Amino acid sequence: MSRSTLALTDELREYILDVSLREHPLLAELREETARHPEAKMQISPDQGQFMATLLRLMQARSVLEIGTFTGYSTLAMMLALPSDGHIVACDISEDYTKVARRYWSEAGVADRITLHIAPASQTLHELLASGKANTFDAAFIDADKESYDVYFEKSLPLVRPGGLIMIDNVLRGGDAANPATESASTQSIQTLNKKLHQDSRVHLTLVPIGDGMTLLQKI
């Protein structure tokens with residue numbers, strides 16, 4: 001049996017989106033606005049957002065932790081998948097980036113169910129743990145500064161309930177994660193984390209080649 005995954009040409013990727021993507025109009029509008037942002041590359045792809053939403057629905061998630069919010073596309077994609085009593089705790093350090101997010105959350109009518117912390121994520125995660133939030137989140141999504149991914153993972157793990165899900169973005173680094181000679185500190189951090197997670201007995205693991213690569217971890 002082959003170990004390979006079908007290579008995606010531009011034509012095949014467009015076909016997949018044409019026959020499978022069901023993007024909420026507000027998400028499409030937010031994605032188009034973010035595409036004009038100087039840091040547009042930080043946004044997840046729409047098919048990735050839809051995939052994450054599907055996972056949350058399958059596990060009937062109600063409480064999600066997000067580390068790295070940017071303009072709020074991933075937050076809104078996940079929020080729209082949660083039930084009416086669902087809630088997201090979002091972490092970011094930029095008031096400027098997240099003011100776009102707040103606008104779209106308000107327009108979608110979900111702003112009151114998203115708690116945004118503007119502070120270093122490691123600080124917010126520490127405060128959540130100190131306030132008794134261990135094992136209370138159904139899922140977490142990590143998509144922030146790559147050098148701190150291991151810190152975010154270690155602090156998210158006790159916050160997520162047993163059987164819960166941690167999703168980690170950008171684990172392929174545009175393909176550079178497979179380059180042992182890379183000189184990029186952020187890519188080296190991802191390489192180190194990928195190797196660590198492969199051997200981590202605290203979680204079940206799979207790496208999905210969607211977007212820039214996303215690792216899915218189920219807490220044991």
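Let me start with a term: a residue is buried under 20% relative accessible area, exposed over 50%, and partly exposed in between, with a 1.4 Å probe and protein chains only. Take Val19. At 54% relative accessibility, Val19 counts as exposed.

Some ground rules. The model is predicted, so local features need pLDDT of at least 70 and side-chain atom pairs pLDDT 80 or more, while totals for chains, interfaces and linings use all residues. Numbering runs from 1 along each chain as its sequence is written, and side-chain values use heavy atoms, without hydrogens or water.

Back to Val19. Val19 sits in helix α1, residues 10-20. Helices here are DSSP runs of H or I with at least four residues, strands are runs of E with at least two, and both are numbered from the N terminus. Val19 belongs to a nonpolar surface patch, together with Leu8, Tyr15 and Ile16. The patch covers about 400 Å². To be in such a patch, a residue needs over 30% relative accessible area and no salt bridge; nonpolar side chains (Val, Leu, Ile, Met, Phe, Trp, Tyr) are joined within 5 Å, like charges within 9 Å. The areas come from the Shrake-Rupley method with a 1.4 Å probe, and for residues only the protein chains shown count as cover.

Now go from Val19 to Ile88. They are 69 residues apart in sequence and 29 Å apart in space, C-alpha to C-alpha.

Ile88 takes us inside. Which residues have the most contacts inside the largest nonpolar core? They are Leu56, Met78, Ile88 and Met167, in a core of 32 residues. Helix α4, residues 73-79, gives the most to this core: five residues. Apart from this core lies another, with 25 residues, among them Ile67, Val89, Val160 and Ile168. A nonpolar core means buried Ala, Val, Leu, Ile, Met, Phe, Trp, Tyr and Cys residues joined through side-chain atoms within 4.5 Å.

Look at Met78. Setting aside residues up to four places away in sequence, Met78 touches Met52, Leu56, Val64, Glu66, Ile88, Phe141 and Met167. Contact means heavy atoms within 4.5 Å.

Thr75 is also in helix α4. Is Thr75 buried or exposed? Buried, with a relative accessible area of 0%. Beyond its neighbours within four places in sequence, Thr75 is in contact with Glu66, Thr69, Ile88, Trp105 and Ile114.

In helix α2, residues 25-34, the buried residues are Leu26, Leu27, Ala28, Leu30 and Thr34. Their cover includes α4 and α5, the latter at 95-108.

In helix α6, residues 121-130, Ala121, Thr124, Leu125 and Leu128 are buried. They span an arc of only 100 degrees around the axis, so they lie on the same side of α6. That arc is taken from the directions from the helix axis to the C-beta atoms. What covers them includes β1 (63-67), β2 (87-92), β3 (114-118), β4 (137-142) and α7 (149-156). Just after α6, Gly132 has a positive phi of about 90 degrees.

Two residues have positive phi without being glycine. Phe70 is at about 55 degrees, in the loop between β1 and α4. Phe70 is buried, at 6%. Asn170 is at about 65 degrees, in the loop between β5 (160-169) and α8. Asn170 counts as buried at 13% relative accessibility.

Last topic: charges. Side chains of opposite charge can pair when their charged atoms come close. A salt bridge is a side-chain nitrogen of Lys or Arg within 4 Å of a carboxyl oxygen of Asp or Glu. How many does the whole structure have? The search finds 12.

Glu23 pairs with Arg31, with the closest N and O atoms 2.6 Å apart. Arg31 is partly exposed, at 26%.

Asp96 pairs with Lys99 at 3.3 Å. These two are three residues apart in helix α5, so about one helical turn separates them. Asp96 is partly exposed at 43%; Lys99 is exposed at 53%.

Asp150 and Lys196 meet at 2.6 Å, N to O. This pair links distant parts of the chain: Asp150 in helix α7 and Lys196 in helix α8 (residues 185-198), 46 residues apart. Shared partners join Asp150, Glu154, Lys196, Asp200 and Arg202 into one salt-bridge network.
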